[in-house]
Amino acid sequence: MKKTSISDIAKHLKVAKSTVSFIINGKAKEHRISSDLEKYVLDYVNKIGYRPHHLAQSLATGRSNSIGLIVENIADSFFGTIAVEIEQKARDSGYRIVYSSTLGDTKVANSAIDFFRQTQVDGYIIAPPAGVEEQVESLIGEGIPVVIFDRKLNGIDADYVGTNNMEITKTACEHFVEQGFKNIAFITLESEQSQMAERLSGYQKTMRIKNLQEWVFKVPYLENRDGYHQLIKKYLHENEGVDAVFFATNYLCVNGLQAIRELGKSIPEDLGVIVFDENDLFRLYTPGITSIEQPLDELSATIIDTLLKKISQKSPNTTPVTTVKASKLIIRDSSKKKA
């Protein structure tokens, strides 16, 4: 069956198409349409169960009641948890969330932004890969609400929500040193993203202050994360002097634990372990893995609240606000050196 259109409704009611459109899109008063005519049209619309096409409605109203969310990997425990909480609060405020995972690919991110432009989302929440600066700057320049989270974009003035990556990494490294570990390796990604750079900086600063050697191993970003454990295994095998490992992400740690087991090493007797970002596995693992827990509830609430506030403002191009939430170190047995 042919879907009913605004033209069909207008023809049936013998009312101008533009009038029907204004009424359906809540602009009757704005265009001085009488309440009787408004009721006449809406009664018929409800009777036939007409629902306006989403894109057509957004073109007519300038609003789509949708938000574009662009993250690195929606399957990741960090991004997945944040996405669910953002979606719930957005739904409570009358908005739907449209997702896209970039897997760190700039082309994918730019393509997602282009698609969201076409569907006229009302705002963007982005954990950006490098290379999307021009697109994001264009959005902001057009007055479209944008909130950046987790990692910053160099040279872009946008509202940002993140955590104290450098400070909490220093705290974790100091804990290692206090426990008596002296050859602490930092295993991270080959990445220029700000959050990764901040974590590395926190490690390096602590090593310098404590007059300890730096052991930094950067692995390339892999779409198939199962490949990380072989790279980590090779590094640990070739660097027997390392007595502790700080993993810069939870998925590197998961693969690192596999590598450590395959090397026949014990935690913490042979290697102390700390990981950035909590995961249920680390709480259940034996021994428990010391981790840095990011405040996901606070991050999610701040991200969506910041965007909804910008959407509601007549002029969203206000002075950008940077919000940094504090993570905490959860100490478990993996980082406690045994005598």
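Reader: Buried means under 20% relative accessible area, exposed means over 50%, and partly exposed is anything in between, with a 1.4 Å probe and protein chains only. By that scale, is Thr102 buried or exposed?

Author: Thr102 counts as buried, at 3% relative accessibility. This is a predicted model, in which local features need pLDDT of at least 70 and side-chain atom pairs count only at pLDDT 80 or more, while totals for chains, interfaces and linings use all residues. Residues are numbered from 1 along each chain as its sequence is written, and side-chain values use heavy atoms, with hydrogens and water left out.

Reader: Where is Thr102 found?

Author: Thr102 is in the loop between strand S2 (96-101) and H6. Helices (H or I, at least four residues) and strands (E, at least two) are DSSP runs, numbered from the N terminus.

Reader: And what does Thr102 touch?

Author: Leaving out residues up to four places away in sequence, Thr102 touches Ile70, Val71, Glu72, Val108, Ala109 and Pro129. Contact here means heavy atoms within 4.5 Å.

Reader: What about Gly123: buried or exposed?

Author: Gly123 is buried, with a relative accessible area of 0%, and belongs to strand S3. Among the residues that Gly123 touches are Ser66, Pro145, Leu307 and Ile311, again not counting residues up to four places away in sequence.

Reader: How many residues does H13 have, and what is its reach?

Author: Helix H13 (residues 296-312) has 17 residues and reaches 24 Å from its first C-alpha to its last, close to the expected 24 Å. The expected span is 1.5 Å times one less than the number of residues.

Reader: Changing topic, how do H10 and H11 cross?

Author: The axes of helix H10 (residues 228-238) and helix H11 (residues 250-262) come within 8 Å and cross at roughly 55°. Axes are lines fitted to C-alpha atoms, for helices over the stretch in contact, and angles run from 0 to 180 degrees between N-to-C directions.

Reader: Which word describes that angle?

Author: H10 and H11 are oblique to each other. Angles under 35 degrees count as roughly parallel, over 145 as roughly antiparallel, 65 to 115 as roughly perpendicular, and the rest as oblique. The crossing of H10 and H11 is right-handed, a label given if the near helix is turned clockwise from the far one by less than a right angle, and left-handed if anticlockwise.

Reader: Which residues of H10 and H11 meet?

Author: On the H10 side they are Tyr228, His229, Ile232, Lys233 and Leu236, which meet residues of H11 including Tyr251, Leu252 and Ile260. By class, the contact of H10 with H11 has seven nonpolar, four polar and two charged residues. Ala, Val, Leu, Ile, Met, Phe, Trp, Tyr, Cys and Pro count as nonpolar, Asp, Glu, Lys and Arg as charged, and the others, Gly among them, as polar.

Reader: What is the angle between H8 and H9?

Author: Helix H8 (residues 165-178) and helix H9 (residues 194-209) pack at about 40°, with their axes 7 Å apart. H8 and H9 are therefore oblique to each other, and H8 passes H9 in a right-handed crossing. By class, the contact of H8 with H9 has four nonpolar, six polar and five charged residues.

Reader: One last topic: what is the phi of Lys14?

Author: Lys14 has a positive phi of about 60° although it is not a glycine. Lys14 sits in the loop between helix H1 (6-13) and helix H2 (17-24) and is exposed, with a relative accessible area of 77%.

Reader: And what is the phi of Gln120?

Author: Gln120 has a positive phi of about 55°, and it is not a glycine. Gln120 is in the loop between helix H6 (106-118) and S3 and is partly exposed, at 27% relative accessible area.
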